[in-house]
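Good morning. Please look at the sequence and the structure on the screen while I talk.

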Amino acid sequence: MPSPTPADAAGFPAMLARMIGLIDTKLTPQQREKLAAAMPSIQWEFPDVDTKLCLAAARDALRVAEPSANPQFVVRMARSTLEDAAFGRRSLGAAFLAGRIHVRGMNPLRLREFIMLVDPLLESYREAHLESANQPSAAVP
Amino acid sequence: MNPQTNHPRLFRDGDADPSLLRGKTIAILGYGLLGQPLAQNLRDAIGSGPNPARVIVGSDDEPSSARARTDGFEVLSLVDAAARANVALMLLPDEVQPDFMPAIGAHLRPGSALVFASGYALAYGLVTPPAGIDVLLFAPRMGGEAIRQRTVDGRGYMAYLGVEHDATGKARDIVLALAAAGGCLKFGALEMTVKQEVVLDLFVEQAFGPWMGAALLSAFHVGTEAGLPPLGLLMELYLSGEMSETFAQMARDGFLPSTLTHGFAASFGGMTRALAIDREQMADQMRTILGEIDSGAFAEALQDEYKNGYPCRPFLDKVVGDDDIISRTEREFRAM
């Protein structure tokens, strides 16, 4: 799937925040509850664009939280890796195999809860990206 | 246990009498990776000649049943095969055994033997075989294809065996006979409990295997990033077969002696770099893994995965099934 005009770097954190809001609408209450129990906070780091964002999962909602200096669970990748996965150019699995995604602190026995998040996350990022690109004020390089 | 060495007891062909199984019906419950070679080995060993054993297959899975019929076996449902068996080999996948065990157990005859090829379901209390039958462990340490090939070659293969419940007073003789007829005792079988078997198996799969795989992937990606040819890297790592020869040499000549046979440059470089690896971090992770296996936390996660319809499977399959550079390079090499 071709990606639309990429949003500018300054808009990236806002797009991620919007993505988290959209993910929240895609999870069932049971899924949210499981995620909150298994991994109450996931820190997403994009070092190439100097962006960190913490997804805080509670039973009632997913929220954006302040990044932690000492996060328990971190997923680190380049922005392009997320966009390639969201727009179908390269799967997250292939990116992981190629060493483009670094995961630290995840309990492997709770992989199911993390996987449950993957499709809603990619879909939500895609939607947030399209919304951003369609906004008249969005800066287009 | 061997009192002289403190090692588990090692059994070989001379310790067993496979003729004990002649005239018996042996049911292979599940015709998959292990079921197929074991059924064929048993049929070859004791399925002909005087008073032959009857090797039948129990399967509720149509593709497996069709494969077994093509291989010339009589195929029954799992419970019907169990009902006919003097010796039944439980070869269903670990995590599904609890669902089938009540029905299979109800059909086993008193005095028969139920043999597990993995200690998982028994060790974690996920199945309860009926009283009045022998409960045995015969766990080959080899993939199915190798089991068959090494038996045909006359080399045999390693297995663990043990007796969990001896209802007949002949349980050990039966499992030894099975191991001999199944082709393993030409190499040897170590005596283990089901808990020892499953912890050993899962620990090495989960603690050692991933480090080895991660080291391989990292070496490949660091090398390709630096401009080394992908095919050359894969050759060095495994594709040439040198690495598997190295492992074979470790088994033959010993782990440490084998490190000295690759020339001084290899020994000097390898040993000095090994000193710089943070083994304590590695060991800590391995201790965590071992703790989760021993406590049953891993088994709980696996059962949860099964009960929920394998939700992780598509993700894991996709990781393997993607058109990544390693798979592409392998394909291109095979086409050369």
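Which residue does the side chain of A:Glu127 meet in a salt bridge? The partner is A:Lys26, with N and O 2.9 Å apart. A salt bridge here is a side-chain nitrogen of Lys or Arg within 4 Å of a carboxyl oxygen of Asp or Glu. The pair links distant parts of the chain, 101 residues apart: A:Glu127 is in helix H5 of chain A and A:Lys26 in helix H1, residues 12-26. Helices are DSSP runs of H or I, at least four residues long, numbered from the N terminus. Over all chains, the structure holds 23 salt bridges.

A word on the model. It is predicted, so to speak of a local feature we need pLDDT of at least 70, and side-chain atom pairs count only at pLDDT 80 or more, while totals for chains, interfaces and linings use all residues. Residues are numbered from 1 along each chain as its sequence is written, chains are lettered from A and ligands numbered from 1 in the order in which they are written, and side-chain values use heavy atoms, leaving out hydrogens and water.

Now the interface. Contact, meaning heavy atoms within 4.5 Å, takes in eleven residues from chain A and 17 residues from chain B. The two chains bury about 1,300 Å² between them, 72% of it on carbon and sulfur atoms. Buried area is the accessible area, with a 1.4 Å probe, that two parts lose on being put together, summed over both. Of the area that chain A buries against chain B, 50% is supplied by A:Leu97, A:Leu109 and A:Arg112, more than by any other three residues.

How many salt bridges are counted between chain A and chain B? The count is one. In a salt bridge, A:Arg112 pairs with B:Asp304, and their closest N and O atoms are 2.4 Å apart. On the side of chain A that touches chain B, helix H4 (92-97) and helix H5 (111-134) each supply at least two residues.

Last, chain B has a nonpolar surface patch of about 440 Å², made by B:Val204, B:Phe208, B:Met212, B:Met243 and B:Phe247. Such a patch joins nonpolar side chains (Val, Leu, Ile, Met, Phe, Trp, Tyr) within 5 Å, from residues with over 30% relative accessible area and no salt bridge; accessible areas come from the Shrake-Rupley method with a 1.4 Å probe, and only the protein chains shown count as cover for residues. Helix H8 (194-225) of chain B gives the largest share, three residues. B:Phe247 lies in helix H10 of chain B.

Definitions and conventions: Patch = residues over 30% accessible without salt bridge, like charges linked within 9 Å, V, L, I, M, F, W, Y side chains within 5 Å.
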